[in-house]
Amino acid sequence: MTSVSTNFSAGDMMESPLHHHVAHTNHSDAGIVMKEDKFRGHLNLRGNPEDTAFTSAVESVLGVALPITANTSVRSGDTVAYWLCPNEWLLIVASGTQGQVEADLRLAVANKGADQHIAITDISSGQTLVNLSGSGVAELLQKSTVYDCHVSNFPVGKVVQTTFAKTGTTMCKLEDGSMDLVIRRSFSDYFFLWLQDASEEYGLQIA
Amino acid sequence: MHHIYCPYCEETREEEEYSYTGEAHIERPKDPASITDEAWGDYLFFRSNPRGIHHEMWFHAAGCRRYFNATRDTHSYQIHETYKMGELPTITAKTIAADTLAAQQGDAS
C-alpha cells in the first residue's frame with residue numbers, strides 16, 4: 001500500500017474553519033474602529049405626531065421633543081430619538097432604563113390625555129448599536145450600502161434606514177464624524193463577517 | 001437601477017430599498033356578501049395589465065417600511081410621480097394624452 005503524500009501545509013492557501021474570526025488582529029493604526037455600544041435600551045415608539053398631547057408627553061419624559069422632520073434625530077444625554085417614519089421613532093436610552101422609560105411614557109401619555117392609539121415596544125434584545133469611526137469609514141460605507149454617505153448628503157444628526165450589504169441598518173452621523181449603526185441581533189454575525197472582510201484594506205480595530 | 005422618490009422619507013433612494021406590491025386604488029366591495037362570485041373574483045384575482053400608464057403600490061422595505069403609490073409607464077418603465085397612500089395621482093393616461101395632443105397642436109400651428 002502506497003502512502004498518499006500530503007503536501008498541504010497550514011500556509012497562505014488554507015483557511016481553518018475559524019479563519020474568519022482570527023484573520024484580523026487589532027491594528028493600532030486601523031482605518032476602521034468598531035465599538036459596540038452594548039445593552040442599550042431600544043424602544044420603538046409609535047403615535048400621532050399631530051397630537052400635541054402625545055408629543056408633549058413624550059417630550060416631558062425624554063427631555064427633548066421628538067424629531068418630526070424626516071431623517072432626523074435628537075439627542076439628550078444618554079437618550080437619542082431617531083425618526084423612522086412619520087409616526088414611528090426609535091428611542092435609544094441608557095442601559096437598563098428602558099423599562100422605566102416605557103412606564104414613564106405610558107403614564108405621561110395617559111396623564112396628558114393623549115390619543116391612546118399608540119404603541120411602545122421594548123426591542124432591546126433584538127438589536128444592538130455599533131459605532132464605526134476612523135479614516136476608512138467613508139469608503140467602507142461606500143461599498144457596503146447603496147445610500148450616498150458622502151458628507152454633503154449626510155450631515156451630523158441625519159438618520160437613514162437603508163441596506164447594509166444584504167442586511168438592513170439604521171445609520172446616524174455623530175458630531176465627531178463617526179457613524180452609529182443599529183443592526184439586528186439575527187444579522188450580527190453576518191454584519192461582523194462583512195465588516196471584517198470589507199475593512200481588510202484599512203485595518204480593523206475592535207474597541 | 002431606478003432612483004425612486006419616497007413621499008414619506010422625502011428623499012430619492014435606490015430601487016434596492018423598495019419592493020413592488022401590485023396595482024393601486026383597488027377598492028374592496030362594500031358588501032361582499034351581496035355581490036356575484038364573478039364580481040368578487042374580479043376584485044380578488046383580476047388586475048389590469050396596461051401598456052402605458054399604470055398606478056401601482058411600492059413598499060419602502062429597507063427604509064421607512066411605508067407603502068406608497070407610483071405612476072409608472074409599463075412601456076418605458078419611467079416613473080412619472082410617487083404619492084402617499086390615500087392621495088390621488090396628478091398624472092394619468094388622460095393627462096398625458098392631453099399633454100401629447102397639446103404638444104402636437106403646438107407643433108402644427
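## Two domains in chain A

Chain A splits into domain 1 (29-37 + 126-206) and domain 2 (41-125). These bounds come from an automatic or database domain assignment. The model is predicted: local features need pLDDT of at least 70, side-chain atom pairs count only at pLDDT 80 or more, and totals for chains, interfaces and linings use all residues. Residues are numbered from 1 along each chain as its sequence is written, chains are lettered from A in the order in which they are written, and side-chain values use heavy atoms, with hydrogens and water left out.

The C-alpha centres of domain 1 and domain 2 of chain A are 25 Å apart. Contact here means heavy atoms within 4.5 Å. On that rule, 14 residues of domain 1 of chain A touch 13 residues of domain 2 of chain A.

## The surface between the domains

Interface size is often quoted as the accessible area lost when the parts come together. Buried area is that loss (1.4 Å probe), summed over both parts. Domain 1 and domain 2 of chain A bury about 1100 Å² between them, with 50% of it on carbon and sulfur atoms. Gln127(A), Val159(A) and Gln161(A) supply 43% of the area that domain 1 of chain A buries against domain 2 of chain A, more than any other three residues.

Polar contacts link seven residue pairs across this interface, both residues at pLDDT 80 or more. A polar contact is a pair of N or O atoms within 3.5 Å; within protein, one must be able to donate a hydrogen and the other to accept it, and residues adjacent in sequence count only if both atoms are side-chain atoms. The salt-bridge count between the two domains is zero; the rule asks for a side-chain nitrogen of Lys or Arg within 4 Å of a carboxyl oxygen of Asp or Glu.

By class, the side of domain 1 of chain A that touches domain 2 of chain A has five nonpolar, six polar and three charged residues. Ala, Val, Leu, Ile, Met, Phe, Trp, Tyr, Cys and Pro count as nonpolar, Asp, Glu, Lys and Arg as charged, and the others, Gly among them, as polar.

## Chain B against chain A

Here 13 residues of chain B contact 17 residues of chain A. The buried area is about 1200 Å², and carbon and sulfur atoms give 44% of it.

Three salt bridges cross between chain B and chain A. One joins the side chains of Arg66(B) and Glu88(A) (3.5 Å, N to O). The side of chain B that touches chain A has four nonpolar, one polar and eight charged residues.

Notes: Buried area is the accessible area (1.4 Å probe) that two parts lose on being put together, summed over both.
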